[in-house]
Amino acid sequence: MSTTTLPDSLTRRVPGGDAGIIIATLAATYLAYVLIGIGLGYSLRGQLNTIAVLTFYIGVFAMLALALNLHWGYTGLFNIGIVGFMAVGIYVMALVSKPVYQAGGASQVGGLGLPVIIGIIAGMIAASLLGLLIALPALRLRADYLAIVTIAMSEIVRFSFLSGQLQQFNLAGRRVGFGGGSGLILDYTDPLESFFSFFGLWDAYLGLIETFGIIIPNNPKPVVDGLVYGVVLLSFVGLYFWLLKRTGESPFGRVLKAIREDEEAASSLGKDTNGFKIKAFMLGCALMGLAGILWFMRSGAVTPNTFRPRITFFVWIALIIGGAGSNTGSVLGGAIFAALLYQGPRYLKNLLDTVLPSASSPSSFGPAIAPLISNLDITPLLFYTIDNIRQLQLVFMGVVLIWLMHNRPEGLLGHRTETASPITLSAPIAQTVASESRSTTADADTDPDPDATEDIAPDGGSNSTTDTNNGGINSNE
């Protein structure tokens, strides 16, 4: 009887396996957006901006879904404080990398003036240390209590950055701070310039922008920056994917999956389950902090109220769509969520406004529903829905979640066959049959008396022995 699941059979049918599935999904998504742009009459500049924005959100949601998959899919840790680690990452990065305060400048507070790469590393370390601070007491609790602790932590972080105490203070003799409720201006060197200058490629990048000016003569730099940064984010998605794949195939990852399935059984084999959970939690928090940095580092400014729990639930929806426990599913879930549920409603509204005749929509739900009740006229309700389709985004997400819970609760690529080793340990059937045949023949040759199956020792016992050293379980593996 075959035990091949739908996700495994899909991976075998698609050329390239997991990578082929991801590439095919992204290609179909980009093609759909280009066709919609053609239908809306977008110029080349508009099409490229659309692709850049779509790539940006696919990248950040895929990275966050992968980081959450390490917590929930691998280890079974119910973390709903994702946005808190994102906030710590970007705020600490800004504190380290913002230029030193100068009187009369646009920013009311400064930073330590260190390179951007140092700030990114500091933000990741700060997010992981916050994870350690939460993990030490919280991981001893049940899953629902861990969820309460993490979401409470994310709100504590947000209100801390809102407080006046952290708005401005002195650090190492310098005037620094987090800006409070008015926000924090990110006036450090552009990350793309820092990146290309670090590798000595800034002049080549400026040459690329000049070349791009042939097809986009009016200020091509923002378009090129958006496209290049999207490629950078997709590169980080590949790095996250590789890291988590290697982690899952390592002995460390196999222990995490054992903890997810049965923590008591893993503990009975001599594993320090609390230690493994703390390490996994810190690693996932660092990845979430890095994703928050990459999301907001080019936004120009950041405010604490940006980091509300809604973003956390968006990441959970992306992971649920793709399937917990599957790295490929996490990437697909992030791409599908970004394209259909996050950016999709806005482009759908633009498309409907183009296709349907223009008409004034009712200003509220009452005037929209009244004609339907009195005269069975659905037109006002239809135009009201189209005009407010962006506000109905959460409704669409709820409908998708309900459908998934009823029809495919494991997600698109969930419940995949998990191997205990990164290499194939099973032999082909023909080779196995031949090996068994040779073994049977050898046993027959060495046993001249078929009736004598066991030598009886003089004391009435058996001479057969069991090698407990080789047959036992090595719990320290």
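Is Glu263 buried, partly exposed or exposed? I looked this up in the model, which is a predicted one. Glu263 is partly exposed, at a relative accessible area of 30%.

**Entry: salt bridges**

I followed Glu263 to its partner. Its side chain meets that of Lys277 in a salt bridge, 3.2 Å from N to O. Glu263 sits in helix 11 and Lys277 in helix 12, so the pair ties together parts 14 residues apart in sequence. Lys277 is buried, with a relative accessible area of 6%.

I then checked Glu155. It forms a salt bridge with Arg158, and the closest N and O atoms are 2.8 Å apart. Both residues belong to helix 6 (residues 143-162), three residues apart, which means about one helical turn separates them. Arg158 is buried at 6% relative accessible area.

I also noted Glu410 with Arg408, a salt bridge at 2.9 Å, N to O. Arg408 is buried, at 17%. My count of salt bridges is nine.

**Entry: helix packing**

I turned to helix 9 and helix 14 (residues 327-342). Their axes are 10 Å apart, and the packing angle is about 155 degrees. That angle is over 145 degrees, so helix 9 runs roughly antiparallel to helix 14. The crossing is right-handed. Helix 9 contributes Val237, Phe241, Leu244 and Lys245 to the contact, and helix 14 contributes Asn327, Thr328 and Val331. I sorted these residues into four nonpolar, two polar and one charged.

Last, I looked at helix 10 (residues 251-261). Its buried residues include Val255, Leu256 and Lys257. The buried residues of helix 10 pack against helix 3, helix 9, helix 11 and helix 12.

Key
Residues are numbered from 1 along each chain as its sequence is written. This is a predicted model: local features need pLDDT of at least 70, side-chain atom pairs count only at pLDDT 80 or more; totals for chains, interfaces and linings use all residues. Side-chain values use heavy atoms; hydrogens and water are left out. Buried means under 20% relative accessible area, exposed over 50%, partly exposed in between (1.4 Å probe, protein chains only). Helices (H or I, at least four residues) and strands (E, at least two) are DSSP runs, numbered from the N terminus. Contact means heavy atoms within 4.5 Å. Axes are lines fitted to C-alpha atoms, for helices over the stretch in contact, and angles run from 0 to 180 degrees between N-to-C directions. Angles under 35 degrees count as roughly parallel, over 145 as roughly antiparallel, 65 to 115 as roughly perpendicular and the rest as oblique. A crossing is left-handed if the near helix is turned anticlockwise from the far one by less than a right angle, and right-handed if clockwise. Ala, Val, Leu, Ile, Met, Phe, Trp, Tyr, Cys and Pro count as nonpolar, Asp, Glu, Lys and Arg as charged, and the others, Gly among them, as polar. A salt bridge is a side-chain nitrogen of Lys or Arg within 4 Å of a carboxyl oxygen of Asp or Glu.
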